[in-house]
Amino acid sequence: LHENNNNCCSFEDYKLTTDWLLNRTNLRPKVAVICGSGLGLLADAVSNKVSFRYQDIPNFPVSTVPGHEGCLVFGTVDETPCVFMQGRVHLYEGYSLCQVTFPIRMFKLMGVESVIVTNAAGGICPDFKVGDIMVIKDHINLPGFAGEHPLCGPNDERFGIRFPCMSDAYSKQMRRLAVDVGTDLGCSNFIREGVYCMVSGPNFETIAEARMLLVLGCDAVGMSTVPEVTVAKHCGLRVLGLSLITNKVSVDYSREEKVNYEEVLQISKMRAEVLQKIVTQLISRLQQQSINTH
Ligand SMILES: O=P(O)(O)O[C@@H]1C[C@H](O)[C@@H](CO)O1
Ligand SMILES: Nc1nc2[nH]cnc2c(=O)[nH]1
């Protein structure tokens, strides 16, 4: 699992980890939530909690950055069996995209149907404010343009097809639900919709890069999410993406303020509680909708 290529994980690796976990909990999660930087609190709303530290789970990649606790939490949200990842790993930590996306295929083998992916991101869209929550409607896979793509290499048909469609990666139904839930919770003045762009990081953008992203149609920029969403869509999972805008990305040479990770974590912590309410409400309503449609 530690070779730096996109095919370092075999079907048997995913299976082994899945079986290891399922042998240690009776829960069979239907929804998986990935908590971005500083957003681990999202998992605090679950009942009947069973937690595993990433370092104890075979094959599981271990987070190395502050704000990513490194715990996999199984539990229920309003009767729905869920699994929460408190923290993720990133390309810039030195992990391959196969390792970065390892949990997604494991979720698939566990029987998960929907994935909610969250992240901390910089706001490119001039209308966005710090603290806004952006429902991701689409993404730009910038590392993918340069061949740094989680689906490069031999395709395993047990997960999905060779050339997956990505124009509908983010479920319309879940996006609509997220906006509705946000509105009902009184958050409509800071719920947005937009396009997320992934860069590899770890540095934040230069002003010229930020200007380029603006011209390309990006509303927010971050260092995660896209590989996970790509692999989730490939294996047929329903996806919702939520970006917390933790800072404004400067496109102006005269602006003096400089982004730093402490600020990112501070804003994440400030908004984690409201994001938790949105995510838990969403999971409850998702459950109601699926009961009503079956
Ligand atoms: O895991 P996420 O996408 O929330 O983490 C973001 C991207 C970098 O890890 C870090 C930079 O601020 O936050
Ligand atoms: N690339 C990038 N990632 C972020 N994560 C949180 N803020 C930012 C940002 O401004 N740029």
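Helices (DSSP runs of H or I, at least four residues) and strands (DSSP runs of E, at least two) are numbered from the N terminus. The structure is a predicted model, in which local features need pLDDT of at least 70 and side-chain atom pairs count only at pLDDT 80 or more, while totals for chains, interfaces and linings use all residues. Residues are numbered from 1 along each chain as its sequence is written, and side-chain values use heavy atoms, with hydrogens and water left out.

The UniProt record, an unreviewed entry, places the feature "domain: Nucleoside phosphorylase" at residues 30-283. UniProt positions are given in the numbering used here, feature names are shortened, and annotations may be inferred rather than shown by experiment. Over residues 30-283 the chain is 28% helix and 26% strand, with end C-alpha atoms 10 Å apart.

In the loop between β7 and α6 lies Ser 200. Ser 200 counts as partly exposed because its relative accessibility is 32% (buried means under 20% relative accessible area, exposed over 50%, and partly exposed in between, with a 1.4 Å probe and protein chains only). Not counting residues up to four places away in sequence, Ser 200 touches Leu 91, Tyr 92, Pro 143 and Met 223, where contact means heavy atoms within 4.5 Å.

The annotation "binding site" in the unreviewed UniProt entry covers Glu 205 and Asn 247. These residues are spread over 43 residues of sequence but cluster in space, the largest C-alpha distance being 11.9 Å. Glu 205 and Asn 247 are both included in the lining of the largest pocket. On a 1 Å grid over the protein atoms alone, a pocket is an open set of points with protein on both sides within 12 Å along at least five of seven lines, and lining residues have an atom within 4 Å of a point. Glu 205 is placed in the loop between β7 (191-198) and α6 (207-216), whereas Asn 247 belongs to strand β9 (residues 238-248). With a relative accessibility of 5%, Asn 247 counts as buried.

Asp 219 lies in the loop between α6 and β8 (220-222). Asp 219 is buried yet has no salt bridge, and the nearest side chain of opposite charge, Lys 137, is 5.5 Å away. Here Lys and Arg count as positive and Asp and Glu as negative, while His and the chain ends are not counted; a salt bridge is a side-chain nitrogen of Lys or Arg within 4 Å of a carboxyl oxygen of Asp or Glu. The side chain of Asp 219 reaches the backbone nitrogen of Val 195 at 2.8 Å.

Ten salt bridges are found in a search of the whole structure. One of them joins the side chains of Glu 113 and Lys 30 (3.8 Å, N to O). This pair links distant parts of the chain, 83 residues apart. Another is formed by Asp 184 and Arg 285, whose closest N and O atoms are 2.7 Å apart. Asp 184 is in helix α5 (residues 172-184) and Arg 285 in helix α8 (residues 261-293), 101 residues apart. Asp 184 counts as exposed at 54% relative accessibility, and Arg 285 as partly exposed at 21%.

Helix α7 (residues 226-234) is largely enclosed by the rest of the structure, because nine of its nine residues are buried. α7 is followed by Gly 236, which has a positive phi near 80°.

Note on methods: Chains lettered and ligands numbered in written order. 1 Å grid on protein atoms, 1.4 Å probe; cavity = no way out; pocket = protein on both sides within 12 Å on 5 of 7 lines; lining within 4 Å. Polar contact = N/O pair within 3.5 Å; in protein donor to acceptor, adjacent residues only side chain to side chain.
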